[in-house]
Amino acid sequence: SLWYDRSEMVKGYRRLAVMLGLVALAIAAPGAQNRPLPDQDVFLKETRKHLQTDSKVTSNYVYVETRREQKLDKNGKIDEESTRVYESYPGLPGEPRWERLISENGKPVAASNLADQDRDRAKKANAMAKRLEDDPKKEHARQQRVWDKAHGERSEAVDDVYIVYAMKMTGRERVEGHHTIAFTLTPRPESKPKTREGDMMKRFAVKAWINEADHELVRLEAQAIDNLAFGLGVLARIHKGAEFSFLRRKVNDEVWLPAVAKYSGSARVGLLWTLRRTGSSEYSGYRKYSVDTSSSFDNPK
């Protein structure tokens with residue numbers, strides 16, 4: 001989680017990650033780009049034909065995610081720090097990815113704990129296998145409904161990117177050695193998005209860099225230009241000025257995948273507490289997924 005033991009805030013930051021990923025999708029698409037810069041309207045229209053989420057791409061991979069979080073005092077100094085390392089596997093059909101905690105604060109998770117996690121996973125897999133055996137038509141229909149719902153929600157949220165943001169192509173820049181085209185995305189105050197993600201977008205100014213050679217997102221930065229409330233504004237409120245960034249890298253010279261995600265900012269929890277946090281997620285050890293993929297990884301340092 002991005003904030004300690006605050007379920008609403010955890011859900012909120014995961015929604016933010018999804019929302020910002022959708023923003024990236026809406027401006028990252030193939031299409032020849034030669035000097036001078038391409039016509040922006042044509043470029044953005046073409047973008048809509050080539051959208052693909054990182055979650056869809058990563059469904060073919062297992063990887064390691066290292067999550068670091070720092071708790072800050074009121075002067076901005078680190079008061080507490082934690083590091084958790086997870087193995088991440090594609091989820092069962094119609095379910096999110098499975099995360100297996102393997103290390104916490106530099107110490108490997110006990111074998112008994114790993115066994116508990118594996119048993120829980122096996123129990124879910126066996127339950128799905130039984131549903132398929134008992135009534136395959138019903139189970140396949142359930143999985144299809146889940147997929148259709150997720151696909152529909154993603155499409156609506158992508159539509160909101162174009163409703164919420166005024167987009168501007170600003171020029172060429174180098175990022176991690178790549179020639180990129182930079183965009184700024186400025187929220188339109190009068191816009192009326194249809195989704196929760198769209199409502200979040202209105203509170204973030206965004207800049208993105210797209211690889212000019214293969215037109216994939218390289219980097220995205222976002223800053224909150226207004227407070228953002230979760231749980232009706234009572235349970236949690238992320239403060240104006242919070243910052244988020246995403247970096248993607250090409251894996252095995254074949255596909256662009258998440259590399260680093262970072263955040264920093266403060267939030268009010270309940271009516272009394274203000275939390276100040278910085279943190280990151282680093283993704284490594286990508287391997288093509290198969291039923292024979294080993295669950296053993298070299299833990300990142």
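Analyst: Two strands pair if DSSP finds at least two bridges between them. Helices (H or I, at least four residues) and strands (E, at least two) are DSSP runs, numbered from the N terminus. The model here is predicted, so local features need pLDDT of at least 70 and side-chain atom pairs pLDDT 80 or more, while totals for chains, interfaces and linings use all residues. Residues are numbered from 1 along each chain as its sequence is written, and side-chain values use heavy atoms, without hydrogens or water.

User: How many residues lie between E5 and E6 in their hairpin?

Analyst: The hairpin of E5 and E6 has 2 residues between the strands, and Glu-176 in the turn has a positive phi of about 50 degrees. Strand E5 covers residues 165-175 and strand E6 residues 178-187; the two run antiparallel, joined by 10 bridges. Gly-171 faces Ala-182 of E6.

User: In which sense do E1 and E2 pair?

Analyst: Strand E1 (residues 61-72) pairs with strand E2 (residues 78-89) in the antiparallel sense, over 10 bridges. Arg-68 has Thr-83 in E2 as its bridge partner. This hairpin has 5 residues between its strands, with Gly-76 in the turn at a positive phi of about 85 degrees. E2 is also joined to E3, by 6 bridges, and these two run antiparallel. There, Tyr-89 stands opposite Trp-98 in E3.

User: What should the 24 residues of helix H4 span?

Analyst: The expected span of a helix is 1.5 Å times one less than its number of residues. For H4, residues 111-134, that gives 34 Å, and the end C-alpha atoms are 34 Å apart, so the two agree. The 29 residues of H5 should span 42 Å, which agrees with the 42 Å between its end C-alpha atoms.

User: Which residues of H4 are buried?

Analyst: Buried means under 20% relative accessible area, exposed over 50%, and partly exposed in between (1.4 Å probe, protein chains only). In H4, Leu-114, Gln-117, Arg-121 and Met-128 are buried. Strand E3 (98-104) and helix H5 (136-164) are among what covers them. H5 has its own buried residues, including Glu-139, Gln-143, Ala-157 and Val-158.

User: At what angle do the axes of H4 and H5 cross?

Analyst: Axes are lines fitted to C-alpha atoms, for helices over the stretch in contact, with angles from 0 to 180 degrees between N-to-C directions. The axes of H4 and H5 cross at roughly 125 degrees and come within 5 Å. H4 is therefore oblique to H5; angles under 35 degrees count as roughly parallel, over 145 as roughly antiparallel, 65 to 115 as roughly perpendicular and the rest as oblique. The contact (heavy atoms within 4.5 Å) involves Met-128, Arg-131, Leu-132, Glu-133 and Asp-134 of H4, and Pro-136, Glu-139, His-140, Arg-142 and Gln-143 of H5.

User: Why does Phe-204 count as buried?

Analyst: Phe-204 counts as buried because its relative accessibility is 1%. This residue is found in strand E7 (residues 204-211). Phe-204 lies 40 residues from Phe-244 in sequence and 9.7 Å from it in space, C-alpha to C-alpha. Met-200, in helix H6 (residues 196-201), is buried too, with a relative accessible area of 3%. Met-200 and Leu-228 are 28 residues apart in sequence, with 7.3 Å between their C-alpha atoms.

User: How many helices and strands does the chain have?

Analyst: The chain has 6 helices and 13 strands. Of its 301 residues, 40% are buried. Among contacts with a separation of 6 or more, 55% are between residues 24 or more positions apart.
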